[in-house]
Amino acid sequence: MSLPPARYSFGGDEHIFVELNTEMSLEAFFKGMSITNAISQRQILGVTEICPANAAYQVRFDPDLVAPDTLLAQLKSIESELGDSALELNTRIIEIPIFYNDPWTYETLMRFRERHQEPSSTDLEYGARINGYASVEAFVAAHAAAPWFVSMVGFVAGLPFMFQMVEREKQIQVPKYLRPRTDTPKLTIGHGGCFGSIYSVRGAGGYQMLGITPAPIFDPEQGLPYLKDFMVFFRPGDIIKFKSINRTQYDAALAKVQDGTFDLRIRPVKFALQDFLKNPTTYNHKLTETLYGN
Amino acid sequence: MAIKVLHAGLATTVQDAGRTGYYHLGIPLSGALDQYSFRAANLLLGNAEDAAVLEMTMLGPKLEFTQDALIALAGANLPAKLDGVAIPNYEVVVAKAGSVLSFDYLKDGVRGYLAVAGGIDVPVVLGSRSTYILGAMGGFCGRKLQVGDVLPVGAVTGPSHLGRKLPDQLKSVFPKDVQVRMLPGLYFHWLTEASGKLFFEDTWCVGAEADRIAYRFKGGRPLEFAPRERPFGAGSDPSNIVDAGYPIGSIQVPGGLEPILLHRDAISGGGYAMIGTVISADMDLVAQLQPNFRAQFVAVDMAQALVARAKYKQRVSELRKALTS
């Protein structure tokens, strides 16, 4: 699938916003990754922020150092130079444990039932039904089966947006709450539109709540081994594989988090978009082998 | 030298020029919302222009100084008293050891800045002392001040400028009715042509939800998005886009109802169509809008935005010239 040319727009006098496609796709995400990588490699004077997003990206710049039209022309030329080059990514695959249907998100969703499309169902029951799954268990199994790309980090510090690596017809889609909640437990696994998320901090939110992970992903104190390098764990391009855990496993992980010994399974991996698109199921199987092999 | 917090005020935080380079991970710019006033307070004292200060919001704190300190106030007119005696804004005064600084009711603007000679000396986190409350990082323990906090103040290196005042023409004014200039763009073309016009015709009132993250506006006619096929992954509302980054200063209109203008503690991205971005020169003005103040948005092009920016920079350099001696 080839993408239309990108659409460029100034965000005031300090940003250029680039929409790579109006709809979400892995191709648009990959194009954004390769363009934003090229921009950071060129170290363009005056560019202060380079922010890839799901199917778009933006740069923030100082117009006293680089004229808006000059920068715009540079970004357009980077897009045309890169063309449809082979899209490969050296990244990492990470296992994230999830306790689905946990008591904390359940308590929260019950508190905000009147803001939901279907107050008589839980978020999981609703998500399973509208996506055609016979049971919550089957829905959860699909959520945990295929890996996910981190396609954007943001909203608040360290929150990953995740896009599941399956054919479009298999993608889980759910609407957001009718009115956003004022509370979401920290480390809730959410889903809205076609995107998954992990709420890095407690706060407002509109995504359906599916479960919770014991693994902190944002910590200014950087207490855990995998947060030593930086307080934000996820990067766009990370690949996540969820693992369903039960209450006992969750409590054990939480105890390790508290004594500072909790760690994540992380393996380096090379991802090739064209190979993936040829046969996603086989490719995902290989990715999983990389994660669990030695 | 330290400052003890006796009352916290409504929302008092440590802020500086802000934090650059982490927006792609959801960590916003932060920093003083009214950058001009923040710089004025520091320059009066002879501090580094970007030294950390206290940003006070609507209701000032009550503070006790453990040692003699030179202080300067700028920005919103929060009438200040030292041990019960009124002191002027925009003038370097001495707060004696043990003296207590308090504030009367706000007269105009929203955010006042208190600078102390030597600067507020909290740890630098990712290149800045600014507080980012959503991320519980930076500033003093990553949060608003609370009763009992003790704020460290840095060592004073330069000479004393006791008694120095800011010339009147360099003080900001904070009118109740303002024009806010913005560059239409981003997803502006998703609005119907009629709605695109109405947005600039209507007068918008600042709502109660106006903070460092965002200003919400009310009172204008609802905006209509032109019918279009819902893009895959965008969500079901006509104002939904595939989640993308939000420029600082951008205006989104969820459901077409209430424009939300993101300021320096912006959420860095999300799924609502943005219809344009307030120009950098007018962001200080927005920072001083109280709930129920009225704004009219004025469309400008890039050339006009850059002229306004140059004018703003010119004013900052006049500030430096007047206070660097």
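Predicted model: local features only at pLDDT ≥ 70, side-chain atom pairs only at ≥ 80, totals over all residues.
**View 1. Strand 14 of chain B, with side chains that alternate between two faces.** A residue counts as buried if 20 or more other C-beta atoms, placed from the backbone, lie within 10 Å of its own; strands are DSSP runs of E with at least two residues, helices are runs of H or I with at least four, and both are numbered from the N terminus. Local features need pLDDT of at least 70 and side-chain atom pairs count only at pLDDT 80 or more, whereas totals for chains, interfaces and linings use all residues. Residues are numbered from 1 along each chain as its sequence is written, and chains are lettered from A and ligands numbered from 1 in the order in which they are written.

**View 2. The partners of strand 14 of chain B.** Strand 13 (residues 204-210) of chain B runs antiparallel to strand 14 of chain B and is joined to it by 3 bridges (pairing requires that DSSP find at least two bridges between the strands), and these strands form a hairpin with 3 residues between them. B:Ala210 stands opposite B:Tyr215. Strand 17 (residues 260-262) of chain B is likewise antiparallel to strand 14 of chain B, through 3 bridges, and its residue B:Ile260 is the bridge partner of B:Arg216.

**View 3. An open antiparallel sheet in chain B.** The sheet has 6 strands in the order 7-6-9-4-1-11. Strand 7 (85-87) and strand 11 (150-152) of chain B stand at the edges with a single partner strand each, so one side of each is left without a neighbour in the sheet. Within the sheet, strand 4 (residues 62-65) and strand 9 (residues 100-103) of chain B pair in the antiparallel sense over 2 bridges, and B:Leu63 stands opposite B:Leu101.

**View 4. The contact between chain A and chain B.** Chain A contributes 45 residues and chain B 42 residues to the contact, where two residues are in contact if their C-beta atoms, placed from the backbone, lie within 7 Å. On the side of chain A that touches chain B, the elements that each supply at least two residues are strand 1 (7-11), strand 2 (15-19), strand 3 (47-52), strand 4 (56-61) and strand 6 (148-153) of chain A. Strand 3 of chain A provides the largest share of this side, with 5 residues.

Methods: Buried ≥ 20, exposed ≤ 12 C-beta atoms within 10 Å, placed from the backbone.
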